[in-house]
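Work through the following exercises with the sequence and the coordinates open. Each has a task and a stepwise solution.

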Amino acid sequence: MVTRSLDSYRLLGHSGLRVSPLALGAMTFGTDWGWGTDQDDARRIFETYVDRGGNFIDTANQYTNGTSERFVGEFAAGRRDQLVIATKYTLSSRPGDPNAGGNHRKSMVNSVEESLRRLGTDYIDLLYLHVWDGTTPVEEIMRAMDDLVRAGKVLYLGISDTPAWQVARMQTLAQPRGWSPLVALQIEYSLAERTVERDLIPMAAELGLGVVPWSPLASGVLAGKYTRADLDHEVVNEPAGTRKNVAASSGALTERTLDIAEVVKDVAKQSGHTPSQVALAWTLLNPAVSAPIMGVRTHAQLEDNLGALEVEFTEAQVADLQRASAIELGFPHDMLARPMTRELTFGGARIETVR
């Protein structure tokens with residue numbers, strides 16, 4: 001059995017940046033939203049991940065109202081340069097101020113400056129546009145991002161939750177102008193949400209963006225956390241409250257996803273792994289995926305999720321998972337063929353390249 005580890009690094013998109021095959025999500029860092037992790041537990045999670053070779057940390061300007069970035073900055077002190085810290089801009093930092101959020105240059109620059117202060121650093125490794133606002137010209141976004149790279153405040157650029165045609169337009173716009181390209185695409189991707197295989201994932205593979213899936217466990221549904229009794233739940237469309245509310249409001253908790261979760265449980269039982277490990281490992285079968293994001297809230301969940309790197313599927317198990325979660329692609333294309341990989345040695349670290 002081939003066992004991967006957090007220090008089996010991969011290249012992020014068409015860049016030379018090396019990242020771990022599982023990213024550590026910091027959206028759970030802080031209790032501001034009522035369901036997160038306090039500072040001591042968050043530090044333990046962070047240190048375990050990094051001590052085992054993990055280097056890819058994901059946060060955003062308004063996760064837990066800024067607490068997430070502050071915690072990441074504190075935990076990274078003393079080993080900042082060995083980490084790849086990704087954060088995002090777009091979400092508003094001042095209710096009532098029309099320019100305190102959005103994709104435009106003013107929002108971007110203000111958000112980056114605030115993130116740098118909270119993180120206690122002078123550069124951001126990877127800056128994502130968090131969500132498409134539907135109004136800002138793409139030329140403004142790409143030029144402003146390139147200015148931040150040229151100023152040394154940002155090293156690499158990414159984009160999240162944006163229509164494929166807009167991402168493709170931005171990437172092809174940057175190339176002839178010599179602007180910094182996008183190297184990462186963060187999207188929801190899991191056995192419960194495969195519609196991105198229709199356009200976003202093929203686009204990313206073609207244009208050199210490494211896919212970084214968020215919610216690979218479908219807000220805990222694929223981990224077996226919920227049953228049909230949880231479907232009778234009043235939904236409030238905001239992150240505060242409970243994790244069940246997050247799952248329900250995002251559409252992750254449905255009859256269909258619970259059916260998929262049952263198949264995940266069956267495969268987990270057959271393989272001697274947990275449902276979380278199976279669901280995470282499935283995303284890594286896709287050659288376009290660089291690193292799914294682990295959204296753990298406890299140290300035990302981290303330990304469990306890391307076991308995904310040891311999962312090996314049989315062809316029958318992959319077929320069962322594919323069948324249970326199938327969507328209509330609209331064209332014949334197998335996005336889950338095992339990728340061609342090779343390993344390099346760089347500075348004593350193993351680099352797994354996926355192209």
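Predicted model: local features only at pLDDT ≥ 70, side-chain atom pairs only at ≥ 80, totals over all residues.

**Exercise 1.** Determine how helix α5 and helix α6 pack, and which residues meet.

Solution. 
- Step 1. Locate the elements: α5 covers residues 164–177 and α6 covers residues 200–207.
- Step 2. Compare the axes, which lie 9 Å apart at an angle of about 10°. Angles under 35 degrees count as roughly parallel, so α5 is roughly parallel to α6.
- Step 3. Assign the hand: the crossing of α5 and α6 is right-handed.
- Step 4. List the partners. From α5 come A164, V167, A168 and Q171, and they meet L200, M203 and L207 of α6.
- Step 5. Sort this contact by class: six residues are nonpolar, one is polar and none is charged.

**Exercise 2.** Classify the packing of helix α3 with helix α4 and describe the composition of their contact.

Solution. 
- Step 1. α3 spans residues 105–119, and α4 spans residues 138–150.
- Step 2. Their axes are 9 Å apart, and the helices pack at an angle of about 30°. With the limit for roughly parallel set at under 35 degrees, α3 is therefore roughly parallel to α4.
- Step 3. The crossing in which α3 passes α4 is right-handed.
- Step 4. On the α3 side the residues are R105, M108 and V112; on the α4 side they are E140, I141, R143, A144, M145, D147 and L148.
- Step 5. By class, six of the contact residues are nonpolar and four are charged, with no polar residue.

**Exercise 3.** How many cavities of 30 Å³ or more does the structure hold, and which residues line the largest cavity?

Solution. 
- Step 1. The count at this cut-off is one cavity.
- Step 2. The volume of the largest cavity is about 70 Å³.
- Step 3. Its lining consists of N61, T90, L91, S93, R94, N99, A100, S107, N110, S111 and E114.
- Step 4. By class, the lining of the largest cavity has seven polar, two nonpolar and two charged residues.

Notes
Residues numbered from 1 in each chain as written. Heavy atoms only, no water. 1 Å grid on protein atoms, 1.4 Å probe; cavity = no way out; pocket = protein on both sides within 12 Å on 5 of 7 lines; lining within 4 Å. Points joined across faces, edges and corners; volume = space filled by probe spheres on them. Nonpolar A, V, L, I, M, F, W, Y, C, P; charged D, E, K, R; others polar. Axes fitted to C-alpha atoms, helices over the stretch in contact; angles between N-to-C directions. Helix = DSSP H or I, 4+ residues; strand = E, 2+ residues; numbered from the N terminus. Parallel < 35°, antiparallel > 145°, perpendicular 65-115°, else oblique. Left-handed = near helix turned anticlockwise from the far one by under 90°. Contact = heavy atoms within 4.5 Å.
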